[in-house]
Amino acid sequence: MGVKKKLLKRLKLVRHLLEDSRYYGISPAATLRRFWRLYHQLKLSPEEIFLNGLLSPDIPEDRLAYYLSREYQVALESRLVPRSYHCLTSDKAVFYAYCKAAGLPIPALYAVFDQPAGWTADGRPLGREEEWIGFLHDLPEQFIVKPALGLIGQGVQAFSRQDGHFLDHRGTAYQAEDVYGVLQSLGGKNYFATGLWSHGLGLAHRSHKGIIQERLFAHPDIVKITGNRSISTYRLTTLILDNELLLLYGLFRIARKGNISDNFSKGQSGNLWISVDCATGKIQSAHMLAPGDKRFITTDYYEETAMTLPGTALPHWDEAVALAREAAWKFYPQPMIAWDIGITEQGARLIEGNLGWAVLPSPLEHRVRDLLQRARIL
């Protein structure tokens, strides 16, 4: 990095520190001391510190040790997760097949699209366009299409069949040929198979693989909170260390009305990120992006359903925790996974397992240093 770029970077850092000092009403000296601890001792990046509001005096000093930086997260993954097991979660086609074999509840898998050929759940190969179009007309009335190696909810679309054509979740009409075009485009959303070929999957080229599966709808008890029938998942992150299963953190992501995915996307999606007490299933705090896109802020009130969020007990939380624990042992020796679990009228369903995941703005249930020492990283 050139001298000029280094100088500009430092000036930008100073400006952020002064802005946060004024915003939180604390002295520049106190702001700098807190930043120094977060940056040098806890290895949190400036973006993680500023975006997640970690300079706020509302977060007690002794709680800062429970925030996991991306740097330490990568260290844990590199130390604990065998690279040959990355495909179990990064490739959803493998993930759903493994879950089915292990007896774990998932959305019904209808087909895996690929080029030059994919396959249906009953084992039929499909390759030519006309074969896929015929298959689309035979699907259930509601279904989901998504990239098999995707990230952050990109490329997920819901379709319903009506009178020989298809409507997506926004109400746009498609012909079967258009839906086939959507399937063909999924390769561009397979982020683990483009710039991230080296992400433990050992791919020699881009993947075009996509998933066609059952569309799930949220349990009425969940809809009372979210106001949206689309699935809003519980995320429970498990870690197995020394033959002990730890719950690292729990959260609830609310998909706002009109959103098919509950992905937070650093607040850009408009969805809410809600920290949950793992032991009780009660909401601790709800987070959203502040106007100006500079930091996350907390909110107590969800206007779409007139809900006061903190203290609210989430329905069917114990069922989700039990499923996460069962899945964690069945996926071992991949010991650290963030599970996305949907609650439906038919029960809890595993939607995804995630290797790389964002923890902030939620603190862990355990001190980061203790985890690193147990994992023999410190």
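A residue is called buried under 20% relative accessible area, exposed over 50%, and partly exposed in between, with a 1.4 Å probe and protein chains only. The model is predicted, so local features need pLDDT of at least 70 and side-chain atom pairs count only at pLDDT 80 or more, while totals for chains, interfaces and linings use all residues. Residues are numbered from 1 along each chain as its sequence is written, and side-chain values use heavy atoms, with hydrogens and water left out.

**Exercise 1.** Describe the salt bridge between R295 and D20 and classify both residues as buried or exposed.

*Solution.* Step 1: a salt bridge requires a side-chain nitrogen of Lys or Arg within 4 Å of a carboxyl oxygen of Asp or Glu. The N to O distance for R295 and D20 is 2.6 Å. Step 2: R295 lies in the loop between β12 (283-289) and β13 (296-299), whereas D20 belongs to helix α1 (residues 3-24), 275 residues away. Helices (H or I, at least four residues) and strands (E, at least two) are DSSP runs, numbered from the N terminus. Step 3: D20 is buried because its relative accessibility is 1%, and R295, at 10%, is buried as well.

**Exercise 2.** Which parts of the chain does the pair R374 and D242 tie together, and how accessible are the two residues?

*Solution.* Step 1: R374 and D242 form a salt bridge whose closest N and O atoms are 3.5 Å apart. Step 2: helix α11 (residues 368-374) holds R374, and the loop between β9 (234-241) and β10 (244-254) holds D242, so parts 132 residues apart in sequence are tied together. Step 3: R374 is partly exposed at 27%, while D242 is exposed at 51%.

**Exercise 3.** Give the strand order of the open sheet of 7 strands and identify its edges.

*Solution.* Step 1: two strands pair if DSSP finds at least two bridges between them. Step 2: the order is β13-β12-β11-β10-β9-β16-β17, with antiparallel pairing. Step 3: β13 and β17 (347-354) each pair on one side only and are therefore the edge strands. Step 4: β16 (residues 336-344) is joined to β17 by 7 bridges, and W339 stands opposite G353 in β17.
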